[in-house]
Amino acid sequence: MLEACCHTPLSVVHVQGLEPSDQVQDILRWQEETSEASTLLRILPDLGFEGISNLTPLLRRAAIGGVLEPRELLSCRLTLAAAERIKKELAQVRQDVPYLQEYAARLEGCRPLQDKIAACILPEGEIADSASPELARLRQQIRSLESRARSQLDEILTKPEWQKYLQEPIFTVRGDRYVVPVKQEYRHQFPGLVHDLSGSGATVFMEPLPLVKVMNDLAAARSETHQEEARILDELTRLLEAYHDEVRTDLELLGLLDFAFAKGRLGIKMRGHQPAFSDERNVQLQGGRHPLLKGEVVPLDLRLGKNFDCLVITGPNTGGKTVGLKTLGLLCLMAQAGLHVPVGDGTVLPFFTGIYADIGDEQSIEQSLSTFSGHMINIARILREAGRGSLVLLDELGAGTDPEQGAALGMAILQQLMRSGALIIATTHYSELKVFAHTEERAENASVEFDSESLRPTYRLAIGVPGESNAFEIAGRLGLLPAVLERARAFLRPEQRQLSDLIRHLKEDQAAASEARREAEHLSAEAQQLQVRIKGEEDRLRQKERDVLAKAAQDAQELVRAARSEAEQLIRSLREEQRRASREELRQGALTARSKLNELSGRIEEQVGSILPEPVGEAMGSVKAGDQVAIPRFNTEGYVLEEPHGGGDVLVQVGALKMNLPLHELRRSAKREKARSFSVQVPTLAQQAEVSHELHLRGLRVDEALEQVDKYLDTAYLAGLTSVNLIHGKGTGALRDALRQYLAQHPFVGSCRFGGYYEGGTGVTVVTFK
């Protein structure tokens, strides 16, 4: 099945040599390669290995001095081109497929060799005229000579004086020479050379003498052409020999890639998965299916190694015991060979160091000493070799001999294997082995279920309950007299009847427990679905809350931008009035501007309060001047300028704005730092003289410097200064560049430049206001 999934002969070699490994790293790598191939087959369904050939025999011939034919060289080019294509396609994959991308990245492609072969060999497998100038000349000469020869032939065939000598006015070819059919009686009158006779002898094929020289020249040109073609093929073969190592490496990598993709194709075909592996020696098989079974397959659920190391399976023939053994053994071998296995979720397999099986066909009524001897020879070898880390599968243990002795041997064999540390699954019909599995520590019974109503097995494995052969039920359904069945039951020993009754009661209890478990699982699934729905609704509400808050924050930012623009317009108006007005008028203008600012601040508070949620956090019972507080509805912090008035409002400085805010809207700042008191006031004429024309920024970080520059420019602009100097020093230039970018967007700045020679040079930026 795996070989049928190969697309090139290069991977068939790997399939034929495939063996399971007991090395953990090899197993995990092989499984990852198969998983990567499955992923790539889903995202690159058109990725193919067309055009790839096994070039190993050609490389061997080239190495011993042989010359390759044109079609063989063409197959070399197509194989190298496919390698180059696969390398390119896998390099563009964004999924995590490191192992296969590593193989692809090592492909060479040998582009110079490809180009040389493509220039010399046509896609039809023939040597191109352009392979060499000499070959082009010779082939042109051949075409010219052939044209001359045909012209002379046409002239001979159409001349009346030659017509009577010819059987027909046609020409043909004998031994690369043009000849005409001449009647036997005119062979001596016709000037020419005889090349052949017809079967009846009535016709002689003769080459006309006028053609002899042309045909000799044509034969010489053809001979030279063959020599030139042989030289070109030899040159190409020697070039291939020069790339021998690179081509051989490409063949190995292409074989590994196609082998991995073959395993991926087989896994997809079987609906297989990469199993989970455990360092513990526990087998947890869920929904295992034998790869060769077709149609509706009853999956196998089996556990081994955690609570018990030996599992004894009993039940009727054709119930699926042997198939269960083969399924487990085959799936474990497939997994350790790097193949995906047809199992369900939750399957966990250990890393076995050896898997031993003694599986025979007990469907025949014939039992002989040779059959028993064959089983014992096999089991003796298993007892010598199996140990901890081994899986042992024994079918019909103890069969083929006296039942009592066979059962005794079976119990001793199971005990010895358990002492060695192996995991064992054995099938049997012996009641003594059922009792052994029930009483022995680390051993457990299991049975294949059987429907006594339909006389058909269900192929389900029930762990914890021994099975019965159901011989009486089957015999009764098949028509055996009830009296005979009763007499047969009477022959059973009392302990055998008690064991049958016990098994029947256990099965009834297990059926009831299974039904209860299925109902509990159904309720659990419904609860999980309900939990998922509730979680989805919670996520939807949280997302809606985040969207509302984001919209509120955006609206608040728009309000702040509008407020800043209006405040800047007020400052410009104030500055214009300051230039024109007297001191009293200036004072009145400042009062008017402050009134407008307070009005703007109140409007912002009202609008922002309508879109932001209620403040959260620790409320403040009292504040004092200089406290740093958080203002949740503005999503910012400020500083208390004055303690609360009688109405409970607090004067708070937020950036360049002063606000009267209710005490209950303030929250304690997480920083809890004693703040400096900031204020922005419209300066009087007396204060204007105190505003410095320089601001020293040396030693500050960029963010600290920009904060001081912002406040200083507002103060200097209100003071009526026309230009100021920002002293930042030369240093690395980071602060200087940041200042230039900031000043280029400032609304009050008309222009800026570096200081002159006597002003401090590039260590000073001179700012001129609008």
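The model is a predicted one, so local features need pLDDT of at least 70 and side-chain atom pairs count only at pLDDT 80 or more, while totals for chains, interfaces and linings use all residues. Residues are numbered from 1 along each chain as its sequence is written, and side-chain values use heavy atoms, with hydrogens and water left out.

Back to S278, which sits in strand β5 (residues 276-278). Helices (H or I, at least four residues) and strands (E, at least two) are DSSP runs, numbered from the N terminus. S278 is buried, with a relative accessible area of 18%; buried means under 20%, exposed over 50%, and partly exposed in between (1.4 Å probe, protein chains only). Leaving aside residues up to four places away in sequence, S278 touches V348, L349, P350 and F351, where contact means heavy atoms within 4.5 Å.

Now for the whole protein. There are 21 helices and 23 strands, and 41% of the 770 residues count as buried. Among contacts between residues at least 6 apart in sequence, 67% join residues at least 24 apart. The protein exposes about 42200 Å², and carbon and sulfur atoms supply 51% of that area (Shrake-Rupley method, 1.4 Å probe; for residues, only the protein chains shown count as cover).

One part of the fold is an open sheet of four strands, in the order β1-β2-β4-β3, with antiparallel pairing. Since β1 (172-174) and β3 (192-197) stand at the edges, each has a single partner strand, so one side of each is left without a neighbour in the sheet. On average, neighbouring strands here are turned by 50° against each other, direction ignored. Such angles are taken between axes, which are lines fitted to C-alpha atoms (for helices, over the stretch in contact), and run from 0 to 180 degrees between N-to-C directions. Two strands pair if DSSP finds at least two bridges between them. Strands β2 (residues 177-183) and β4 (residues 203-208) run antiparallel and are joined by four bridges; K183 has T203 in β4 as its bridge partner.

How far should the 26 residues of α7 span? At 1.5 Å a residue the answer is 38 Å, and the end C-alpha atoms are 38 Å apart, which agrees; the expected span is 1.5 Å times one less than the number of residues. The buried residues of α7 include L135, L138, I142, L145 and A149, along with R139 and E146. These buried residues of α7 pack against α8 (160-163), β2, β4 and α9.

C110 has a positive phi of about 50° although it is not a glycine, and its place is in the loop between α5 (98-105) and α6 (111-120). D176, in the loop between β1 and β2, also has a positive phi, of about 60°, without being a glycine. Buried or exposed? C110 is buried, with a relative accessible area of 5%, while D176 is exposed, at 56%.
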